[in-house]
Amino acid sequence: MPPRSEAVVLLRRLLSSTSSRRSIRPVLLASSSRSFSAATTLASSPSPSSNPTAASTDSTFTTVSPDEVSHFNALASSWWDPQGPSRILHLMNPLRHDFIRSCRSSVPDDPSPPSTGLRYLDIGCGGGIFAESAARLPSTSSVTAIDPSPEVLSVAKAHARRDPALRSKLTYQNTSIEKLPVPKTPLDGYDVVSVFEVIEHVSNPAEFLDRCTPFVKPGGWLVLSTIARTWMSWFTTNLMAEDVLGIVPKGTHDWRKYILEEELRTHFLQKRTGWAEPRCMGVVYVPGLGWKEVNGSEKIGNYFFGVRRTTEPR
């Protein structure tokens with residue numbers, strides 16, 4: 001996050017812009033942020049080249065951050081407490097489904113995409129809030145949910161055992177995306193690959209996405225949620241949510257790892273091929289009301305992003 005010594009400067013800028021009745025313009029702290037494609041990898045895990053093919057051949061490379069795993073391990077026991085530290089995630093879950101539905105209905109296909117028998121891969125599933133809800137949908141055939149945290153995944157498995165109806169549809173695996181076997185053919189991929197509240201916690205976002213994309217079948221969607229790297233997002237998610245209000249556990253977010261929507265669009269549409277139909281939905285947390293869709297808010301804070309894998313690479 002920006003150094004504490006800069007907090008006063010930040011607050012003065014926000015107050016000044018508000019008092020002058022001008023809209024607050026997002027300000028990027030370029031000197032403190034990392035590039036979306038920057039290789040902020042673990043010292044023990046050398047990064048492969050930026051070529052996705054080269055990345056897939058390096059068995060030692062990982063985007064998993066041990067510090068992030070340790071942080072979420074500590075929250076494992078309270079994951080399913082709707083009033084606990086993961087309360088924000090519980091409240092956001094309905095919007096996750098809304099966004100997926102809007103993505104899948106946005107492109108008129110001939111033939112139209114299937115409305116039943118859908119296969120999900122939930123990457124960084126945590127305690128299983130989204131995975132369980134996706135498995136309960138009548139349109140779902142199966143959900144594979146993975147997470148590198150053994151403590152968190154044990155909580156997810158224990159909670160799922162309470163509902164016998166999930167046994168045939170929901171499978172948990174304690175693994176990272178780097179260790180998950182890639183589908184043998186594109187058609188063996190998943191209709192929906194979800195990466196919710198994960199990419200801002202990995203050590204190399206571009207390489208991480210390159211590991212996720214082979215799992216999306218042609219016509220399927222990669223959907224994710226994250227936070228824009230702006231002054232306003234630091235103020236709301238780090239200063240207010242963590243330090244002042246305490247509605248998010250301290251240390252959950254590193255502002256320098258936040259990602260702009262434009263960086264995702266550039267990654268998929270300019271630096272990679274085979275992707276189209278990008279969609280975005282900005283959301284804002286309103287105390288007492290929960291998460292609400294707010295047009296344009298993706299430029300300053302939380303947002304969903306989705307992109308569709310085309311049938312043929314472009």
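## Strand pairing and the sheet

Two strands are taken to pair if DSSP finds at least two bridges between them, and strands themselves (E, at least two residues), like helices (H or I, at least four residues), are DSSP runs numbered from the N terminus. The structure is a predicted model, in which local features need pLDDT of at least 70 and side-chain atom pairs count only at pLDDT 80 or more, while totals for chains, interfaces and linings use all residues. Residues are numbered from 1 along each chain as its sequence is written, and side-chain values use heavy atoms, with hydrogens and water left out.

In this model, strand S1 (residues 118-123) pairs with S2 in the parallel sense over six bridges, and Leu121 stands opposite Thr144 in S2. These strands belong to an open sheet of eight strands with mixed pairing, in the order S3-S2-S1-S4-S5-S8-S6-S7. S3 and strand S7 (290-293) each have a single partner strand and stand at the edges, so one side of each is left without a neighbour in the sheet. Neighbouring strands of the sheet are turned against each other by 20° on average, direction ignored, with axes being lines fitted to C-alpha atoms, for helices over the stretch in contact, and angles running from 0 to 180 degrees between N-to-C directions.

## Buried side of helix H6

Residues are called buried under 20% relative accessible area, exposed over 50% and partly exposed in between, using a 1.4 Å probe and protein chains only. In helix H6 (residues 150-160), the buried residues are Val152, Leu153, Ala156, His159 and Ala160. They cover an arc of only 125° around the axis, which puts them on the same side of H6; the arc is that of the directions from the helix axis to the C-beta atoms.

## Aromatic contacts

Rings of Phe, Tyr and Trp (its six-membered ring) pair if their centres lie within 6.5 Å, and planes under 30 degrees apart count as stacked, over 60 as edge-to-face and the rest as tilted. A search of the whole structure finds seven such aromatic pairs. Phe196 and Phe304 have ring centres 6.0 Å apart and planes at 80°, so this pair is edge-to-face.

One aromatic cluster is formed by Phe99, Tyr120, Phe130, Phe196 and Phe304. The charged end of Arg119 sits over the ring of Tyr190, 4.3 Å from its centre, under a rule that requires NZ of Lys or CZ of Arg to be within 6 Å of the ring centre and within 35 degrees of the ring normal.

## Salt bridges

With a salt bridge defined as a side-chain nitrogen of Lys or Arg within 4 Å of a carboxyl oxygen of Asp or Glu, the count comes to nine. Arg101 and Asp98 form one of them, with the closest N and O atoms 2.6 Å apart; being three residues apart in helix H4 (residues 87-104), they are separated by about one helical turn. Arg101 is partly exposed at a relative accessible area of 49%, as is Asp98 at 34%.

Arg136 forms a salt bridge with Glu132, the closest N and O atoms being 3.0 Å apart, and another with Asp163 (3.1 Å, N to O). Glu132 counts as buried at 1% relative accessibility, whereas Arg136 is partly exposed at 43%. Elsewhere, Glu261, Glu262, Arg265 and Lys299 are linked in a network of salt bridges.
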